[in-house]
Amino acid sequence: MEHRVVVVGTSVGGVRTAQALRAEGYPGRITLVGEELELPYDRPPLSKQVLSGAWPAEHARLLTPEDAAHAQLELRLGVAARALDPQARLVQLADGELQPYDDLVIATGASPRPSPWQADSGIFLLRTLADCRALKERFADGTAVVMIGAGFIGAETAAAARSAGCDVTLVDPLPVPMERVTGPVVGSLLADVHRRHGVRTRFGAGVQAISGRAGDLRVTLSDGSVLGAGTVVVGIGAIPNDQWLRGSGLAVEDGVMCDAHLAAAGAAHVFAVGDVARWPHPELGDWVRSEHWTNAADQARCVARNIARPDAQETYHASDYVWSDQYDWKLQLAGQRACAVAEWVIGAPDEQRPKVAVLHADAIGRLCAAVCLNWPRAFVRCQRLLGERVPATQAREVVGAL
């Protein structure tokens, strides 16, 4: 009987797993199961090029019907997975259909954390292409936008709304945008670029309530001030799409718990990739879940190899690479800032378009992370130095000489 892999999830983690299986020479059946009727698409452009109008939605496609046919990938779109029976090796879909598998890959990603504030209408989240289209329509009307949350999604969405000509206010309880991932130096520079483009910023303020309806919303902040808005976008984190796995016997704790090979704990022949996977990170000495594109793509390749070559299991090694585009600025990060005990700022942070590298050292003086703004050449060098695990003092000399 022909071997079969079922991949649940049709964003980058799922699609790249299926494609990598074929690249590894896997000859069996591959079925991609996706909740949305849309053909598989990439999510990062939804808060960047597609939302701003720089790209048509088609440019975000990950897979066309022709691509799927050429790779002999079966698409089962428009139906979500509802339950898993790992003993019988069956995935139950929302319409009652049962999908048998020999190996299963869980790539269901994450969803935006729901808004804790309610109004009659006009509050948006951004995850799907439908969300992106709805927001783009609102931005085209010139609506006043309040963006709650200044992480990746929030900062990028605020930039897209402002580029569309909207009046934009960016709200976050932290002192600067993206502080958790970039640190205060680069975060302050990102705050400046938003202000220079006309975005009003309310950092250090939380949200108490939202009332009204689309076109006439009132956002009450923790300091008592009230912001008017036609549209409110909420980007306050994400939660893994693992609810359908409850009761399956898999270890599920803020994502699917996996071993170093990305095999799910609690069942054989089940793997997880992308935002839904939680795995042991050797540098941090803890289980982590990463909500970034490069992690999903890298994990997809690892899992495909481990399915195609079951006798030569590969350990997953994260590249820890993240990027963001805001206006014409490029932010690139690599490594783990969580390990840092010291940092150095290199470059020209005071220029109109700053070119900066912030290098971080761990407790033994080794380079453990780099955050680069508008300096791709320095970032490429930093990635190489991180891979070589060089002392931070050596990295400072190399980057400082660029």
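Partly exposed residues lie between buried (under 20% relative accessible area) and exposed (over 50%), with a 1.4 Å probe and protein chains only. The model is predicted: local features need pLDDT of at least 70, side-chain atom pairs count only at pLDDT 80 or more, and totals for chains, interfaces and linings use all residues. Residues are numbered from 1 along each chain as its sequence is written, and side-chain values use heavy atoms, leaving out hydrogens and water.

**View 1. Salt bridge between Glu-38 and Arg-133.** A salt bridge puts a side-chain nitrogen of Lys or Arg within 4 Å of a carboxyl oxygen of Asp or Glu. Here the N to O distance is 2.6 Å. The pair links distant parts of the chain, 95 residues apart: Glu-38 sits in the loop between β2 (29–34) and α2 (49–52), Arg-133 in helix α4 (residues 129–140). Helices (H or I, at least four residues) and strands (E, at least two) are DSSP runs, numbered from the N terminus. Glu-38 is partly exposed at 22% relative accessibility. Arg-133 is also partly exposed, at 40%.

**View 2. Salt bridge between Asp-167 and Arg-200.** N to O is 2.4 Å. Asp-167 lies in the loop between α5 (152–163) and β11 (168–172), and Arg-200 in strand β12 (residues 200–203), so the bridge ties together parts 33 residues apart in sequence. Asp-167 is partly exposed at 34%; Arg-200 is partly exposed at 47%.

**View 3. Salt bridge between Asp-328 and Arg-353.** The N to O distance is 3.9 Å. Arg-353 is partly exposed, with 39% relative accessibility.

**View 4. A salt-bridge network.** Shared partners join Glu-24, Arg-305, Arg-309 and Glu-314. The whole structure holds 25 salt bridges.
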